[in-house]
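I opened this notebook to keep track of what I looked up in one structure, entry by entry.

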Amino acid sequence: MTDPVTVVDAMERMSGLHPGFRRAHALGRCYDATFTPSGAAAAYTAAAHLRGEPTPAIVRYSNTAGDPGQPDAGPAVRGMAVKFLSPETDLVALNVPVFMASTPAKFLDMTRALTDKPSGSQQRADAVVAFITANPESVHAFQEAATIPVPESYATIRFWAQHAFVWVGPDGTRRFVRYRWEPDAGLHHLTAEDSADWGPGHLLDELADRLPVSFTLKVQFAGPEDPTADPTQPWPADRPEIDAGRLEVVKPVADQEFWDQAVFDPTRLAEGIELSDDPVLAYRKQAYAEGRRRRAAGH
Ligand code: HEM
């Protein structure tokens, strides 16, 4: 069963229940930003936010933990969710290039492997190995997650939206693309020891002192044989890319509570962009709505 109630129930077992918070990426903060298109995307998509004038955006940076009290230390998965406001469309990214599960059912299997047996037990380690053995396509993401560097700042991390999307050009031509945010400050890493005393939200506080910061939106075009339905599989690095524009993250939003209640839904697309055949991408709409339903109800 991959109904979203079952899946979100399983996610809650990862970090315990924290009423009112997201079931993943519980601790985050939102920022005002502006996206300025370079013009390079205009030949390939009719999407207004990627081809015209600068557009306002809201950015949410977060630690992946479902527990908002989890320290920020170490090589954690982290998120950068962007909501372009005109037209409203969301682009949700992580600091790893590929996902750990190729279907929603496998995501549920993985979540169970990570939670069903007692924390730190040999049975849990065995369950994770069994999941990876049964799903060899997930090896790449587990390797990536195991080697994530500790960042100096949210402003020095590379973020990937992982899924393929379809760009529909002004002439109707359809192309598969993938998105990546490149930090304009460059990639700067620390060691796990450097971060040992970081408390929850350390990197959110660091960002407050550093703003404004900026990212370039890189868009990669698929080759004819590249997989479009499987977020566990990267495309070769030599595929053609464009710089679609630059995002300047300026200051914390005035109303954190309002924006923290928003949903950043990767299936909320602008005209000129469509979902690919990736089942995980399509599924996220239901899972995020279920997560939002629970936290809005104070659960
Ligand atoms: C079956 C697969 C997945 C499920 C069930 C799932 C589930 C969730 C849920 C329930 C939330 C909290 C939503 C809310 O309360 O607003 C969330 C947040 C998030 N997820 Fe996923 N997710 C999945 C795949 C992915 C993938 C592939 C990415 C890669 C980009 C990703 C990145 C994020 C990020 C960055 C957030 C935080 C968004 C924010 O700041 O509002 N997730 N996920």
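**Entry 1, the loops.** I began with Pro87, which sits in the loop between strand S3 (78–85) and S4, and I kept in mind throughout that the model is predicted. What is the form of the peptide bond from Ser86 to Pro87? I found it to be cis, with omega near -5 degrees. I then went on to Leu211 and Pro212, which are also joined by a cis peptide bond, here with omega about 5 degrees; Pro212 has its place in the loop between helix H5 (202–210) and strand S10 (213–221). I noted both bonds because most peptide bonds are trans.

The next residue I looked up was His25, in the loop between H1 and strand S1 (28–37). His25 is not a glycine, and yet its phi is positive, at about 60 degrees.

I turned to helix H1 (residues 4–15) and asked how it packs with helix H7 (residues 279–296). The angle between H1 and H7 is about 65 degrees, and their axes are 9 Å apart, while the crossing in which H1 passes H7 is right-handed. On the side of H1, I listed Pro4, Val5, Val7, Val8, Asp9 and Glu12 as the residues that make the contact, and on the side of H7, Tyr283, Gln286, Ala287, Glu290, Gly291 and Arg294. Sorted by class, the contact of H1 with H7 has six nonpolar, two polar and four charged residues.

Which residue of the protein gives a donor to the iron atom of the ligand? I found a single one, Tyr288, whose OH is 2.0 Å away from the iron. Tyr288 has its place in helix H7, so I wrote down that water is not among the atoms and that the site may look incomplete.

I searched the whole structure for cavities of 30 Å³ or more and got three. The largest cavity holds about 80 Å³ of space, and strand S4 (residues 88–94) gives the most to its lining, with three residues. Among the residues that line the largest cavity I noted His49, Phe84, Thr89, Asp90, Leu91, Phe165 and Tyr179; by class, the lining has eight nonpolar, two polar and one charged residues.

The second largest cavity has a volume of about 60 Å³. Its lining includes Met11, Glu12 and Ser15, together with His18, Phe21, Arg22, Arg23 and Gly66, and by class it has three nonpolar, four polar and three charged residues.

The largest share of its lining, three residues, comes from strand S8 (residues 174–183). Residues lining this pocket include Pro97, Trp160, Arg178, Tyr179, Arg180, Trp235 and Glu241, and by class the lining has seven nonpolar, two polar and three charged residues. Tyr179 is listed for this pocket and also for the largest cavity.

Key
Residues numbered from 1 in each chain as written. Predicted model: local features only at pLDDT ≥ 70, side-chain atom pairs only at ≥ 80, totals over all residues. Heavy atoms only, no water. Axes fitted to C-alpha atoms, helices over the stretch in contact; angles between N-to-C directions. Helix = DSSP H or I, 4+ residues; strand = E, 2+ residues; numbered from the N terminus. Left-handed = near helix turned anticlockwise from the far one by under 90°. Contact = heavy atoms within 4.5 Å. Nonpolar A, V, L, I, M, F, W, Y, C, P; charged D, E, K, R; others polar. 1 Å grid on protein atoms, 1.4 Å probe; cavity = no way out; pocket = protein on both sides within 12 Å on 5 of 7 lines; lining within 4 Å. Donors = N, O, S within 2.8 Å, 3.2 Å for Na, K, Ca; no water. Points joined across faces, edges and corners; volume = space filled by probe spheres on them.
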